[in-house]
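Hi,

Here is the structure I promised to pass on. Have a look at it first, and my notes follow below.

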Amino acid sequence: MSFSTFSKDFTANMYTSVENQFITKYLPQADGDCVRAYLYGLYLCQCAEDFDAANAAKLLGIPLKKLVDIFVFWEECDLVRVLSRDPLFVEYLPVNTAVGKPKSIRPEKYAEFNREFYKLLQRAKKDFKPYEMQRILEFLENNPIEQQAFLLVAEYCVKKDGEKLSANHILNKANKLCKEHKYTYEQVEQDLADFNLHEKEMSKIFVLLGIYRKPQESDYEFLDKWKALGLHIHAVYACAETLKKGSLSTLDALATELAEADARTEHDAREYLKRREELASVVFKTARKLGVKVQNPRAYGEEYAEKWLDRGYDEESLLMIATLCMKLGYGFAEMDHLLDGLYAEGIVDGAGVKHYCAAQDKQLRLIQRIQAVCGVIKKTRSALDMISAWQNWNFSEEMILEAAKRSANASAPLPYMNKLLSEWKRLDVSVPGEIPEKTTPSNGMREYRSEAAIAADMQSSRERYYSALQQKAMREAEKARERAERDEAFKAAENVIKKGEIELARAEIFAPESVKHIQQKLNEAQTARQTALLRLQLNDEDLLPKYQCVKCSDTGFLPNGKMCDCYREEQ
């Protein structure tokens with residue numbers, strides 16, 4: 001379809017009619033391209049055949065973008081209405097109803113202005129089109145800004161843009177000043193002086209942030225925001241120096257943080273940033289010792305590091321505590337809880353922390369020796385507290401290790417050790433040689449054993465019994481699985497099933513259309529798997545442990561927590 005059409009109140013004829021008012025009022029003030037485009041579009045309003053804007057621009061030898069700008073100009077004159085810019089589609093309006101631009105402009109009124117303005121254009125090696133000059137003169141007619149003030153704006157834009165100077169930039173800048181009620185030469189001069197100062201400020205910020213481009217109009221909005229927050233420009237410089245690299249958005253986040261902390265002067269800002277760096281350093285170093293990954297240190301600094309430093313802990317002491325916490329598998333929250341306890345006990349200075357950490361390390365080494373005797377024991381705070389209690393009972397490491405030897409077969413060695421040591425404490429036994437032992441049959445005396453030891457031995461015996469049953473069932477199942485996995489067909493099918501189940505779960509949410517295909521692949525793999533097992537004379541049950549008691553799976557306890565019948569039989 002054609003890119004232009006008549007409005008309802010425009011009479012279409014078999015010839016192109018140009019109103020005299022257009023010729024007398026508008027044509028003298030428009031350049032040749034504007035007139036050609038207007039007339040050709042007027043002609044196309046009567047054509048039935050399709051002739052879009054691209055073809056019209058090509059025929060007229062005018063770039064499509066310029067053609068759009070021309071009809072925007074005619075729209076400002078109230079001669080057309082631009083209904084769409086992409087694709088271009090305009091509606092012609094009757095000239096005799098045009099009430100907009102251009103207004104009657106006396107040439108002599110702007111003779112001096114035009115001479116000065118063209119000098120500025122020559123300096124920039126630019127040549128504005130007649131319709132662009134028309135827009136500038138109309139702006140002066142419709143706004144109270146002084147001609148010399150407007151020339152000052154144009155001179156500023158020439159210096160700033162050079163060969164990239166445009167009428168739009170000059171008009172936008174002048175329009176902004178008018179909205180701020182700055183019309184006189186003095187007012188505009190002061191505004192541009194302030195702007196030049198802001199330009200220097202922004203350029204320095206760019207250098208500090210490593211930004212290698214010229215500041216743009218939108219960049220100065222950040223300066224306005226920081227000024228509204230009450231931040232001194234040197235406080236902003238301090239932020240940029242701290243960041244060293246980054247964007248204005250990153251700087252804005254830090255500047256806003258300063259305002260929230262009421263650090264608006266340069267001195268307060270540098271003090272705040274110094275403290276911030278200190279907290280961040282403590283957080284990152286502590287995180288490395290704990291083996292914890294930290295992205296944003298601010299939250300950790302405010303919640304933990306600041307409190308620790310305020311309580312008098314120095315960085316070296318905190319890193320010693322962090323090293324200890326890493327051995328215990330602690331994170332920030334657990335380390336904070338530990339430091340709360342130390343602070344309550346008055347352990348704050350470096351010497352006190354060093355002594356505490358040395359004592360805890362000694363206990364950790366003792367746990368390692370206990371592990372070597374009776375198996376894996378978790379290095380928890382409760383384990384350390386238990387060892388500390390035994391030491392407070394005046395038991396030597398020799399006695400503690402003796403208890404560990406006697407707890408080697410227990411499922412829970414530490415509680416068993418605690419029962420033994422508490423019994424020995426009651427009996428006032430302090431060396432291994434004093435522990436009651438089984439006497440010879442000839443003397444008629446029976447073996448001395450405490451009730452706690454007897455109960456612990458019985459529990460240990462039951463646990464060993466069930467553990468042996470479970471291990472036997474698991475070993476047989478493992479042998480069957482190893483045999484199956486040595487078969488390439490079974491192994492391949494098993495891998496397809498594992499991957500396919502994951503793909504199926506993902507597809508059910510994100511790609512329902514592929515579910516059917518994935519399910520088909522899974523069915524084929526499961527068939528191949530069963531065929532391989534049949535060839536190996538195995539089945540799925542052979543790959544799972546076959547427990548003697550199917551009720552409790554050889555644990556002694558039912559799923560509801562009650563003892564199984566087989567447990568009572570073994571009791």
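Of the 571 residues in the protein chain, 39% count as buried (under 20% relative accessible area; exposed is over 50% and partly exposed is in between, with a 1.4 Å probe and protein chains only). Bear in mind that this is a predicted model, in which local features need pLDDT of at least 70 and side-chain atom pairs count only at pLDDT 80 or more, while totals for chains, interfaces and linings use all residues. Residues are numbered from 1 along each chain as its sequence is written, and side-chain values use heavy atoms, with hydrogens and water left out.

The secondary structure comes to 24 helices and three strands (DSSP runs numbered from the N terminus: H or I of at least four residues for helices, E of at least two for strands). Residues 24 or more positions apart make up 64% of the chain's contacts with a separation of 6 or more, a contact being heavy atoms within 4.5 Å.

Now the cores. The largest nonpolar core has 53 residues, and those with the most contacts inside it are Ile321, Met335, Ile370 and Trp424. By nonpolar core I mean a set of buried Ala, Val, Leu, Ile, Met, Phe, Trp, Tyr and Cys residues joined through side-chain atoms within 4.5 Å. The elements giving two or more residues to this core are helices 13, 14, 15, 16, 17, 18, 19 (397–406) and 20 (413–426). Helix 17 gives the most, with eight residues. There is also a second, separate core of 33 residues, including Phe22, Tyr26, Cys34 and Val90.

Leaving aside neighbours within four places in sequence, Met335 touches Thr286, Leu290, Trp308, Leu318, Ile321, Ala322, Cys325 and Tyr330.

Gly312 follows helix 14 with a positive phi near 105 degrees.

How do helix 17 (residues 350–374) and helix 18 (residues 381–392) cross? Their axes come within 10 Å at an angle of roughly 95 degrees (lines fitted to C-alpha atoms over the stretch in contact, with angles from 0 to 180 degrees between N-to-C directions). The two helices are therefore roughly perpendicular, as angles of 65 to 115 degrees are called.

Most residues other than glycine have a negative phi, and most peptide bonds are trans. Lys125 has a positive phi of about 55 degrees although it is not a glycine; Lys125 sits in the loop between helix 5 (111–123) and helix 6 (130–142) and is exposed at 66% relative accessibility. Lys244, also not a glycine, has a positive phi of about 65 degrees, lies in the loop between helix 11 and helix 12 (248–260) and is exposed at 56%. The Asp86 to Pro87 peptide bond is cis, with omega near 5 degrees, and Pro87 lies in the loop between strand 2 (80–85) and strand 3 (88–92).

Cheers

How values were computed: Parallel < 35°, antiparallel > 145°, perpendicular 65-115°, else oblique.
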